[in-house]
Amino acid sequence: MDAMFRKEISHVSIVFNQIKDGVYITDPDRRILFWNKAAEEITGYSQEEVLGKKCADNLLVHTDLAGNKLCSTDLCPLHKAISYEKATTEPLIVKALHKNGSRVMVEVSLAALHSASGELIGGIEIFRDVSEKIELEEQKARFFSSLSHELKTPLSNMQGYLKLLLDGDAGEINDLQEEFLTTIYKEEQKLARYIEELLDMGQFEGTDYSYQQNMLDLTALLESLANSFSAEALNKELDFNSNIEPDLALFGDRERLSQAFSNIIGNAIKYTEQGSVSLKAVFSEADDEIGITVQDSGIGIPEKDRKSIFEMFYRVDDKDVRSKGGTGVGLYITERVISRHGGRIELESIPGEGTTFTVYLPGLKKTQEQ
Amino acid sequence: MTEKQIILVAEDDPGLNRLISFKLQKEGYQVISALDGKEALNAALNENVSAITLDIMMPFLDGIQVLKKVRPVKPDLPVIVLTVKSRENDLHQALELGANAYMTKPFQPEQLIEKLKQVLGSI
């Protein structure tokens, strides 16, 4: 078998040596059998140097972007691909070691390899140097951050001056002037909110490479959201319950997941006038999945709108909904973030009675040793 | 009210500076406006100010440098720093250098006045 496999590899090596992505093939024990030309260029190691070694043997030694080594068997993406026969659905961004000691940002895809008879014969990793792309995305993020400041400052000043006029701080105003100034004030607030949402979207749109993919403590993240949203719910005299399982963890982008969940919880509170909003998170061992459920007793979402609410700028055509303001960007961002993490969102709703959003994300429950 | 308290408003955005200053005057404070870090430092050291609202990003000298020079001379002078949310490092540095409070932009003048009253101990 091994001999046949080696022969097959030598056949495909001609192709693999032409492409610009690093490719290596291993046996089931993750020992390297093949290492293409691009892999040599990206890492500085020649094929002769690496044959028979494992990538953890001081070769790639992938770390997450925060620098945590992923070589322990449970975290090693190749081990996961081979042992659970799960190919990556979305490429992972990790750092790989170069022979000169520096770290290269690479996007990796992995899969188990099988013989024609279905027997497990090894694994394959394809990795692409994305350092330059990430640099561009970081530039874009810096640009949006400064643009955001530049746009918000004049708007905020305008609000301040309008308020001075309305409060009579600059002299008495008559009723008609008050009415018109109030209108300007409200329109200006709307504009500020739209700009805020559009900037949020600008930061998310097309920036897949700037996703921080680190091992993160989902329990802590959700607890901190529950904490801040319970105050908001209290302001509306709603009950807010949360029931979050301890030690939930996943590989992902803290900021973005936090924004995604904020959008769902924020909507639940926004569209609920009485009753309760609850947040629940549980781990399902059977699916290696974390289910995060946000349930409200709010106005609900009509059947016909359920698919469309995840589209950009979509808003339910209803005066109660329109009166709340918003651009229809929140759930679009949420859906993007969740699917980028390999997850999905399910939605149940009864108009007039409430809505339940459930987000499923690949994740794990930390054991004591980890 | 006896002698008016003097507040130094160090903020390089003229629109915001005037807005804060106007509102402070309405509240019965006397105001010195500074539109850059040099003016701010000069006023902070040479005028009998009761508090400073200090923007961090200013031309010539930023708020951090102003604070560094003012603190040794006036260790008890209340200082409120004004920062942008995305620049957390600035904020940490300012608080370490002895700023008494901070406001994150954008904010409304009422919020700043409330904070000012807190640091002046007048509420």
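1. Helices (H or I, at least four residues) and strands (E, at least two) are DSSP runs, numbered from the N terminus. With that scheme, E237(A) falls in the loop between α7 (218-235) and β7 (239-244) of chain A. Its phi is positive, about 55°, although E237(A) is not a glycine. E237(A) is exposed, at a relative accessible area of 73%. Here buried means under 20% relative accessible area, exposed over 50%, and partly exposed in between (1.4 Å probe, protein chains only).

2. Basis of the values. This is a predicted model, in which local features need pLDDT of at least 70 and side-chain atom pairs count only at pLDDT 80 or more, while totals for chains, interfaces and linings use all residues. Residues are numbered from 1 along each chain as its sequence is written, chains are lettered from A and ligands numbered from 1 in the order in which they are written, and side-chain values use heavy atoms, with hydrogens and water left out.

3. Overall form of chain A. The C-alpha atoms fill a box of roughly 90 × 40 × 40 Å, taken along the principal axes. Chain A has 10 helices and 13 strands. Of its 370 residues, 45% are buried. Contact means heavy atoms within 4.5 Å. Among contacts in chain A with a separation of 6 or more, 63% join residues 24 or more positions apart.

4. Domains. Chain A splits into domain 1 (2-129), domain 2 (131-210) and domain 3 (211-370). These bounds come from an automatic or database domain assignment. The centres of domain 1 and domain 2 of chain A, taken over C-alpha atoms, are 47 Å apart. Their contact takes 6 residues from domain 1 of chain A and 4 residues from domain 2 of chain A.

5. The domain 1 to domain 2 interface in chain A. The two domains bury about 430 Å² between them, 54% of it on carbon and sulfur atoms. Buried area is the accessible area (1.4 Å probe) that two parts lose on being put together, summed over both. A salt bridge is a side-chain nitrogen of Lys or Arg within 4 Å of a carboxyl oxygen of Asp or Glu. The count of residue pairs in polar contact is 1, with both residues at pLDDT 80 or more. A polar contact is a pair of N or O atoms within 3.5 Å; within protein, one must be able to donate a hydrogen and the other to accept it, and residues adjacent in sequence count only if both atoms are side-chain atoms.

6. On its side touching domain 2 of chain A, β4 (103-114) and β5 (120-129) each supply at least two residues. β4(A) gives the most, with 3 residues. By class, this side has 3 nonpolar, no polar and 3 charged residues. Ala, Val, Leu, Ile, Met, Phe, Trp, Tyr, Cys and Pro count as nonpolar, Asp, Glu, Lys and Arg as charged, and the others, Gly among them, as polar.

7. Chain A against chain B. Here 14 residues of chain A are in contact with 17 residues of chain B. The chains bury about 1,200 Å² between them, 56% of it on carbon and sulfur atoms. The count is 2 salt bridges. One of them joins the side chains of D169(A) and K23(B), at 2.8 Å, N to O. There are also 6 residue pairs in polar contact, both residues at pLDDT 80 or more. The side of chain A that touches chain B has 3 nonpolar, 7 polar and 4 charged residues.

8. V108(A). This residue sits in strand β4 of chain A. V108(A) is buried, with a relative accessible area of 0%. Leaving out residues up to four places away in sequence, V108(A) touches H62(A), T88(A), P91(A), L92(A), V94(A), E125(A), I126(A) and F127(A).

9. V321(A). The place of V321(A) is helix α9 (residues 319-322) of chain A. V321(A) counts as buried, at 8% relative accessibility. Beyond neighbours within four places in sequence, V321(A) contacts Y271(A), I299(A), R315(A) and V316(A). V321(A) and Y271(A) are 50 residues apart in sequence, but 7.6 Å apart in space, C-alpha to C-alpha.

10. Backbone points to check. Most residues other than glycine have a negative phi, and most peptide bonds are trans. D288(A), not a glycine, has a positive phi near 50°. D288(A) lies in the loop between β9 (276-284) and β10 (289-296) of chain A, and is partly exposed, with a relative accessible area of 35%. In chain B, a cis peptide bond joins K105(B) and P106(B), with omega about -5°. P106(B) is in the loop between β5 (101-105) and α5 (109-119) of chain B.
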